[in-house]
Amino acid sequence: MTPLRAAAAIAVMAAVTFLTRALPFLLFGRKGNPPRVVLYLGKYLPAAVIAMLIVYCFRSVNFQAAGNWAPAFIAGAAVAVLHIWKRNNLLSIVGGTILYMVLVQAVF
Amino acid sequence: MSRKTLAAAFPYTLPVLMGYLSIGIVFGWMMAAIGYAPTWAAAMSAAIYAGSGQYLGVDLLANATPLADVAFLTLIINFRHLVYGLSMLEKFKGMGWRKLYMIFSLTDETYALLAGVHPPEGVDEKGFYFSIAVLDHLYWIGGSVLGAVAGSLITINTEGIDFAMTALFIVIAVEQWRSARQHLPALLGAGVTVVCLLLLGQENGRFLIPALVLMIILLLVLRPSLERSDKTDEKGVDSV
């Protein structure tokens, strides 16, 4: 990836992120309430999207060898358990990542 | 933004300071791990300013993802911001030029703060909100730079550090699961995406587009029953 391409990708990310934040103000800033179907999707779609992104993170997992799936599944379960137990973002994220790094570097 | 307003806002932002420093440090470290200098991490945190979006951004940079896919993935990961804006329409009224910055800086954490706090007696309300937004942004940039510098100085084997993105999404999902009355949307999202991944393969994450479309269609089909059971739940809570 050339620096120019990387800068372009960052500019796209910045523009799109700003757009998602500005859209409600552009669409509904002047006149009253947004359509109820927008509110409905705004309420339920985020949970579905996060679930989708977790699947996206696991996209290159395969079951041909233990090393191709076990680290991600073990560390993923550890993050969920840690977070349900302690509810500390930092502990869950850093703890799970270190476990994953140990698993891919030293165990599998 | 006077010094007094800034000083009044600072204590409210302490939880975000802790959170942003740590999540920012991990982001900066991930950037260092894929070979980018600290200035890149700083530029991303200044210009994009989105936690999960930037974690995904590291993945997109590392895989040299095509720009159209970058735009699409950024759009869907930030879709939830739409809801934040909706509930800030009133709060940001009359903020003049600062309104643009308030919209730009409306992250999950800043949203949560703005939704929950009120300025102390005698402190300018709009300046107070603006100070919160600026402080949070500075913490995020600061954490990113710290992590990027540390990551470029300390040379350990960083293989697998990209898992931090997965971990962050799992944390968000657990939080959502705990606060949601309806778990069907989350299950639906996972199920539909797995099916699309199996059918279409994983190249460039293109399976996400049909998955998202299918998800929206199914949510619209399920709307009557989801809204009905939501109402039933509310009644149940009221009567307790």
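In helix α6 (residues 81-88) of chain B, the buried residues are H81(B), L82(B), Y84(B), G85(B) and M88(B). Here a residue counts as buried if 20 or more other C-beta atoms lie within 10 Å of its own, as exposed if 12 or fewer do, and as partly exposed in between, with C-beta atoms placed from the backbone. Helices (H or I, at least four residues) and strands (E, at least two) are DSSP runs, numbered from the N terminus. Looking down the axis of α6(B), the buried residues fall within an arc of 160 degrees, so they line one face of the helix; the arc is that of the directions from the helix axis to the C-beta atoms. These buried residues pack against α1 and α2 of chain A, together with α8 (108-116) of chain B.

This is a predicted model, in which local features need pLDDT of at least 70 and side-chain atom pairs count only at pLDDT 80 or more, while totals for chains, interfaces and linings use all residues. Residues are numbered from 1 along each chain as its sequence is written, and chains are lettered from A and ligands numbered from 1 in the order in which they are written.

As for chain B overall, it has 13 helices and 0 strands. Its C-alpha trace spans about 55 × 55 × 35 Å along the principal axes, and buried residues make up 42% of its 240 residues.

Now for the chain pairing: 56 residues of chain A are in contact with 69 residues of chain B, contact meaning that the C-beta atoms, placed from the backbone, lie within 7 Å. On the chain A side, the elements giving two or more residues are α1 (3-28), α2 (36-57), α3 (70-86) and α4 (89-107).

Within chain B, the axes of helix α3 (residues 38-47) and helix α9 (residues 125-153) come within 8 Å and cross at roughly 160 degrees. The two helices are therefore roughly antiparallel to each other, a label used for angles over 145 degrees. Among the residues making this contact are A41(B) and S45(B) of α3(B), along with W140(B) and V145(B) of α9(B).

Finally, P210(B) sits in helix α12 (residues 208-221) of chain B. P210(B) is partly exposed, with 15 other C-beta atoms within 10 Å. Leaving aside neighbours within four places in sequence, P210(B) touches C196(B) and L200(B). C196(B) is 14 residues away from P210(B) in sequence, yet the two are 7.1 Å apart in space, C-alpha to C-alpha.

Terms used
Axes are lines fitted to C-alpha atoms, for helices over the stretch in contact, and angles run from 0 to 180 degrees between N-to-C directions. Angles under 35 degrees count as roughly parallel, over 145 as roughly antiparallel, 65 to 115 as roughly perpendicular and the rest as oblique. Two residues are in contact if their C-beta atoms, placed from the backbone, lie within 7 Å.
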